[in-house]
Amino acid sequence: MQKIVVIILLLIFNLGVYADMKYHPIKFKLSTEKELYEEGEKITFLITITNSDKEKSYPVLLPHTQNTGQKLFYLNLYDKANNTSILRATENKLIHMMVHDTGQVMIRVLKPLEQITIPIYWNDFENYYSYLTQTASHHSFGVPLFAGVYKINVCYNPNGIALGDSIYSYYNDTEQEIAPTKLAMTSDGEVSNTILVKIKKSANSILLIEGKKYCTHSKERDWCWYYLDSIGNGGTNERLVHITSLAVDSFTQAKNEYFYSHFTNIYAEFMTRFENGDIQEYRKFRDNCPDEFLTERYNENKQKYYYAIQLPDGRFYNVTYLQPSGNKKQEMYYSTDGKLCTIIDYIYNKQGAFLKTKTSEIIPCIMEEL
């Protein structure tokens, strides 16, 4: 009798969960034309759109002649590590072509279980601004992709596009009502599966990536240094944009993989990895104080002991953790201009039980300038 009650309760619970779930019959799957690319090569992404319903037809919004406004599809770039999820870069969600002729998107009705596949291209800079290619080639992360392994997915977001608003009802949580004549869609859009993209190091000494020329030179420790439009032998430090320890024709390294990039007026990246490719230290930073857009550091047991990020309101935040307990040791909040820092220290007894916090304020960046 007890088992029957448990089964009934589980069924009721599951029915409640499914009742709150929105129906999304249109599915998006991302793939690439081939498994391995070389630095500077055009990457062809294939977006397969499927109506998963076995009985009903459903509409989907597709790119057409639109060359201004917001993109329907944009790519997200993540680090390859499995011990954390780091968003390395994301596309600008707006279209910026040289010819502004509003154009339009189009509705395609998919029959039950029907599939269509549309290509989009990265590093097709010859057609990046081309009105004739519409938006298929209008994809960029704003920074170059050098040799390495990346995790990438694509987001489909018709929210705000008039024609899309006519067929979708958007929601932020599962309790929101959906218009009975429209398809459900989260306000942030639908995200595809995540795939691995492998880019091997090129043997070429000159690379063309998204319309910019990069010159490469092997230097100390056999590392390769990349310069933007380098002039002369080795270029100048002011133009250094990337350093890698990867060998020609490789996209990964078992030990001591080194990665550093510096994109002037955008950000810089530095990372070290464990032997399996997981992150040991990752930093995305700027040149002025406070500098940390995102930092994560892990000890030899892959326990996070430091984390920093720029908050949505513009302030900069970091926290250190005691390990192996994982308890907070200290938090710091920097103002957007870096002229005030609030420090919160966490105090514990000898047994590790929390006692109290202590708050103080300093003016770190002004002190550094002095």
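Partly exposed residues are those between buried, under 20% relative accessible area, and exposed, over 50%. Lys-302, with a relative accessible area of 32%, is therefore partly exposed. The views below show details of a predicted model.

**View 1. A salt bridge joins Lys-302 and Asp-278.** The two side chains meet with an N to O distance of 2.8 Å. The pair links distant parts of the chain, 24 residues apart. Lys-302 belongs to the loop between strand E23 (292–298) and strand E24 (304–310), whereas Asp-278 belongs to the loop between strand E21 (267–273) and strand E22 (279–285).

**View 2. Lys-34 and Glu-41 form a salt bridge.** The closest N and O atoms of this pair are 2.5 Å apart. Lys-34 has 37% relative accessibility and so counts as partly exposed. Glu-41, at 26% relative accessibility, also counts as partly exposed.

**View 3. Asp-313 is paired with Arg-315 in a salt bridge.** Here the closest N and O atoms lie 2.9 Å apart. Asp-313 is partly exposed, its relative accessible area being 48%. Arg-315 is likewise partly exposed, with a value of 33%.

**View 4. Six residues are linked in a network of salt bridges.** The members of the network are Asp-79, Lys-80, Arg-88, Glu-257, Glu-269 and Arg-273. In the whole structure, a search finds 14 salt bridges.

**View 5. The largest pocket has a volume of about 340 Å³.** Its lining consists of 19 residues, and those closest to the pocket centre are Gly-142, Pro-144, Lys-212, Tyr-214 and Ile-266. Strand E17 (212–218), strand E19 (240–244) and strand E20 (258–263) are the elements that give two or more residues to this lining. By residue class, the lining of the largest pocket comprises eleven nonpolar, four polar and four charged residues.

**View 6. The second largest pocket holds about 240 Å³ of space.** This pocket is lined by 18 residues. Nearest its centre lie Pro-63, Ile-118, Pro-119, Thr-135 and Ala-136. Strand E10 (residues 115–122) supplies three residues, the largest share of the lining of the second largest pocket. The lining of this pocket divides into ten nonpolar residues, seven polar residues and one charged residue.

**View 7. Met-98, Phe-125 and Tyr-129 make a nonpolar surface patch.** The area of the patch is about 300 Å². Met-98 is located in the loop between strand E8 (94–96) and strand E9 (106–110). With a relative accessible area of 63%, Met-98 is exposed.

**View 8. Ala-247 and Lys-201 are 46 residues apart in sequence.** In space, the C-alpha atoms of Ala-247 and Lys-201 are separated by 6.7 Å. Ala-247 is found in the loop between E19 and E20. The relative accessible area of Ala-247 is 47%, so this residue is partly exposed.

Conventions
Residues numbered from 1 in each chain as written. Predicted model: local features only at pLDDT ≥ 70, side-chain atom pairs only at ≥ 80, totals over all residues. Heavy atoms only, no water. 1 Å grid on protein atoms, 1.4 Å probe; cavity = no way out; pocket = protein on both sides within 12 Å on 5 of 7 lines; lining within 4 Å. Points joined across faces, edges and corners; volume = space filled by probe spheres on them. Helix = DSSP H or I, 4+ residues; strand = E, 2+ residues; numbered from the N terminus. Nonpolar A, V, L, I, M, F, W, Y, C, P; charged D, E, K, R; others polar. Patch = residues over 30% accessible without salt bridge, like charges linked within 9 Å, V, L, I, M, F, W, Y side chains within 5 Å. Areas by Shrake-Rupley, 256 points an atom, 1.4 Å probe, with all protein chains shown as cover. Salt bridge = Lys/Arg side-chain N within 4 Å of Asp/Glu carboxyl O. Buried < 20%, exposed > 50% of the residue type's maximum accessible area, 1.4 Å probe, protein only.
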